[in-house]
Amino acid sequence: MKKWGLLIAVLGLLAVACAATASAQDIKAWWTTSGFLGPVDVKGLIPSAPSRMTTLPVSMWIIDHPKGLIVFDTGNNVAISDGKCDTYWPKGFCQNFKPSQKRDDVIDRQLQKLGYSAEQVKFVITSHAHLDHIGNIKLFPKATHVMQRRELYQAWWPEKFQRASGVFILSDYDTTRDFDFLELDGDYDLFGDGSVVVLDTPGHTMGHQSLKLRLKQTGTVIITGDAIWMQENLDGHVPGINYNTAETMRSIEKLKRIRDLESGQIFMSHDEVSYNKGMHDSPYR
Ligand SMILES: [Zn+2]
């Protein structure tokens, strides 16, 4: 009987150990881009920043999680690929942002390059409903789409001052009303184990959200979306496109605080320098 008792105790300890490591599962996170925008002068986007020309990566992430394949942001709509911007985006946008997206840069092809298919994607997490982030959610009709409830309101009926800028393209999502939306009202731990946590970061848009991953080797990864475009925003320069500027600045502080407390790394959506320094041929693990 003593032996059985010991065995049960050992098994119990093993179970506790397994539970403790459950959050550091073998997750693979690829950072890719749906082509680039620009070159543009940073000053045009961030008025207080010094002038500097840059191109903007259109960041997207493919996350292979034991509980399902995840995509974070789906880039520019496939229709603007290969120089066809004028046929889909407003003319002014094409002229100002000069997207370089090729058909092979689009999220479905990016998945294929890694041996996945769009049909395999279980969760599409969209930071916000601007044209360079929500562009291809229609390629994922069977996935669960994770968005903040307020962002959905705004996507369908943007405030006049936001709509005038042309950044919401209704046809990116006009046939998605019956998709399975997981509508959030704040932060959300997707699998309940801290491995994939949606962070409520409003300001750039009404219901903008970012993403935090906990990876085995890399540790805390903070994928900002447009809560932080580039280095100048980290340095304290206020972004020039906001639904609510005070909320924007609070969201930047929130992400920096998490980075500092968890010794994490911040990955910005449109920062050319850090994109070029980042890993793209192999995943963050
Ligand atoms: Zn953007």
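In strand β8, Val197 is the bridge partner of Asp189. That pair is a handy way into this structure, which is a predicted model: local features need pLDDT of at least 70, side-chain atom pairs count only at pLDDT 80 or more, and totals for chains, interfaces and linings use all residues. Residue numbers start from 1 along each chain as its sequence is written.

**The sheet around that pair**

β7 and β8 (residues 196-200) run antiparallel and are joined by two bridges. Strands count as paired here if DSSP finds at least two bridges between them. Both strands sit in an open sheet of five, ordered β7-β8-β9-β10-β11, with mixed pairing. At the edges stand β7 (188-189) and β11, each with a single partner strand, so one side of each has no neighbour in the sheet. Helices and strands are DSSP runs (H or I, at least four residues, for helices; E, at least two, for strands), numbered from the N terminus.

Further along, β9 and β10 run antiparallel with five bridges between them, and a hairpin links β9 to β10 through three residues. Leu213 stands opposite Val221 in β10. On to the next strand: β10 and β11 run parallel, joined by three bridges, and Gln265 in β11 is the bridge partner of Val221.

**The helix lying across it**

α8 lies across β9, β10 and β11, at about 165° to β10. Such angles run from 0 to 180 degrees between N-to-C directions, with axes fitted as lines to C-alpha atoms, for helices over the stretch in contact. Helix α8 covers residues 245-261, 17 residues in total, and reaches 24 Å from its first C-alpha to its last, close to the 24 Å expected at 1.5 Å a residue. That expected span is 1.5 Å times one less than the number of residues.

Which residues of α8 are buried? They are Thr248, Ser251, Ile252 and Leu255. They cover an arc of only 100° around the axis, which puts them on the same side of α8. The arc is taken from the directions of the C-beta atoms as seen from the helix axis. Buried means that 20 or more other C-beta atoms lie within 10 Å of a residue's own; exposed means 12 or fewer, and partly exposed is in between, with C-beta atoms placed from the backbone. The buried residues of α8 pack against β9 (209-215), β10 (219-223), α7 (231-234) and β11 (265-267). On the face turned away from that buried side are the exposed residues Ala246, Glu253, Arg257, Asp260 and Leu261. After α8 comes Ser263, with a positive phi near 45°.

**The other sheet**

There is also an open sheet of six strands, in the order β1-β2-β3-β4-β5-β6, with mixed pairing. Its edge strands are β1 (28-41) and β6 (180-184), each pairing on one side only. From one strand to the next, the twist averages 20°. β4 (residues 121-125) and β5 (residues 144-148) pair in the parallel sense over three bridges, and Val146 in β5 is the bridge partner of Ile125. Helix α5 (residues 149-156) packs on the sheet, touching β5 and β6, and its direction makes about 90° with that of β5.

Take Thr144, placed in strand β5. Thr144 is partly exposed, with 17 other C-beta atoms within 10 Å. Apart from its neighbours within four places in sequence, Thr144 is in contact (C-beta atoms, placed from the backbone, within 7 Å) with Lys122, Phe123, Asp180 and Leu182. Thr144 and Val121 are 23 residues apart in sequence and 8.7 Å apart in space, C-alpha to C-alpha.

A cis peptide bond, with omega about 10°, joins Gly38 and Pro39, and Pro39 is found in strand β1.

**The whole chain**

The protein chain has nine helices and eleven strands. Of its 285 residues, 44% count as buried. Its C-alpha trace spans about 80 × 40 × 35 Å along the principal axes. Among contacts between residues at least 6 apart in sequence, 67% join residues at least 24 apart.

Technical notes:
Contact = placed C-beta atoms within 7 Å.
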